Amino acid sequence: MSVFLVLIHYDAPAEEVAKLRPVHREFLQRHYATGRFVCSGPRVDGVGGVLLSRGASADEVAAVLREDPYALQGLAHHEVIEFNVVSHDPRFAAFLTPWRE
């Protein structure tokens with residue numbers, strides 16, 4: 001299992017993104033419930049968001065992200081960065097165990 005840092009890049013004005021935010025957050029919550037998504041939030045500079053995800057491959061994570069309402073409406077695109085966790089706080093270990101949806 002790999003861990004993925006996802007950068008969400010807004011492609012539309014903040015007002016348009018804000019209108020869809022509740023539906024986007026419902027999408028996130030569905031994947032928190034399965035254990036796929038670990039944490040997320042908006043960037044402080046306001047140009048997008050950041051998401052930490054688990055998954056089998058970058059292609060699998062990208063397929064899930066194509067269902068994000070922001071992507072479906074053309075308001076944002078996702079940059080998926082796979083990385084190997086080699087060091088972490090012991091309290092983070094539960095998120096690094098093998099995961100299956």
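Biologist: Hi! Let's start with R43: buried, partly exposed or exposed?

Modeller: R43 has 28% relative accessibility, so R43 counts as partly exposed. Keep in mind that this is a predicted model.

Biologist: Noted. Which residue does R43 form a salt bridge with?

Modeller: That would be D45, and the closest N and O atoms of the two are 2.5 Å apart. D45 is partly exposed as well, because its relative accessibility of 48% falls between the 20% and 50% limits.

Biologist: How many salt bridges does a search of the whole structure find?

Modeller: Three. Another one joins the side chains of E60 and R36, at 3.2 Å from N to O. This pair links distant parts of the chain: E60 sits in helix α2, R36 sits in the loop between α1 and β2, and they are 24 residues apart.

Biologist: How accessible is R36, and how accessible is E60?

Modeller: R36 has 2% relative accessibility, so R36 counts as buried. E60 is partly exposed, with a relative accessible area of 28%.

Biologist: And D89, which residue does its side chain meet in a salt bridge?

Modeller: R91, with 2.4 Å from N to O. R91 is exposed at a relative accessible area of 70%, while D89 is partly exposed at 34%.

Biologist: Let's switch to R54. Where is R54 placed?

Modeller: R54 is in strand β3, which covers residues 48–55. R54 is buried, yet R54 has no salt bridge.

Biologist: What lies 3.0 Å from a polar atom of the R54 side chain?

Modeller: The backbone oxygen of F95.

Biologist: On to the rings, then. How many aromatic pairs are there?

Modeller: The count comes to four. One of them is F27 with F37, an edge-to-face pair with 6.0 Å centre to centre and 65° between the planes. F27 belongs to helix α1 (residues 14–34) and F37 to strand β2 (residues 37–42), ten residues apart. Both F27 and F37 are buried.

Biologist: And what about the rings of F92 and F95?

Modeller: Their centres are 5.4 Å apart and their planes are at 40°, so that pair is tilted. F95 is partly exposed at a relative accessible area of 35%, and F92 is partly exposed at 24%.

Biologist: Which residues do ring pairs link into a cluster?

Modeller: F27, Y32 and F37.

Biologist: How many residues are in the largest nonpolar core?

Modeller: There are 17, and F37 and Y70 have the most contacts inside that core. The elements β1 (2–10), α1 and α2 (58–65) each supply at least two of the core residues. As a general point, nonpolar side chains tend to be buried together in soluble globular proteins.

Biologist: Which residues is Y70 in contact with, leaving aside its neighbours within four places in sequence?

Modeller: They are I8, Y10, V17, L20, R21, H24, L75 and A76.

Biologist: Last one: where is F83 placed?

Modeller: F83 is in strand β4, residues 76–83. F83 and S2 are 81 residues apart in sequence, but their C-alpha atoms are 6.7 Å apart in space. Beyond its neighbours within four places in sequence, F83 is in contact with V3, F4, L5 and L52. F83 is partly exposed, with a relative accessible area of 33%.

Methods. Residues numbered from 1 in each chain as written. Predicted model: local features only at pLDDT ≥ 70, side-chain atom pairs only at ≥ 80, totals over all residues. Heavy atoms only, no water. Helix = DSSP H or I, 4+ residues; strand = E, 2+ residues; numbered from the N terminus. Buried < 20%, exposed > 50% of the residue type's maximum accessible area, 1.4 Å probe, protein only. Lys, Arg positive; Asp, Glu negative; His and termini not counted. Salt bridge = Lys/Arg side-chain N within 4 Å of Asp/Glu carboxyl O. Polar contact = N/O pair within 3.5 Å; in protein donor to acceptor, adjacent residues only side chain to side chain. Phe/Tyr/Trp six-rings, centres within 6.5 Å; stacked < 30°, edge-to-face > 60°. Contact = heavy atoms within 4.5 Å. Core = buried A, V, L, I, M, F, W, Y, C linked by side-chain atoms within 4.5 Å.
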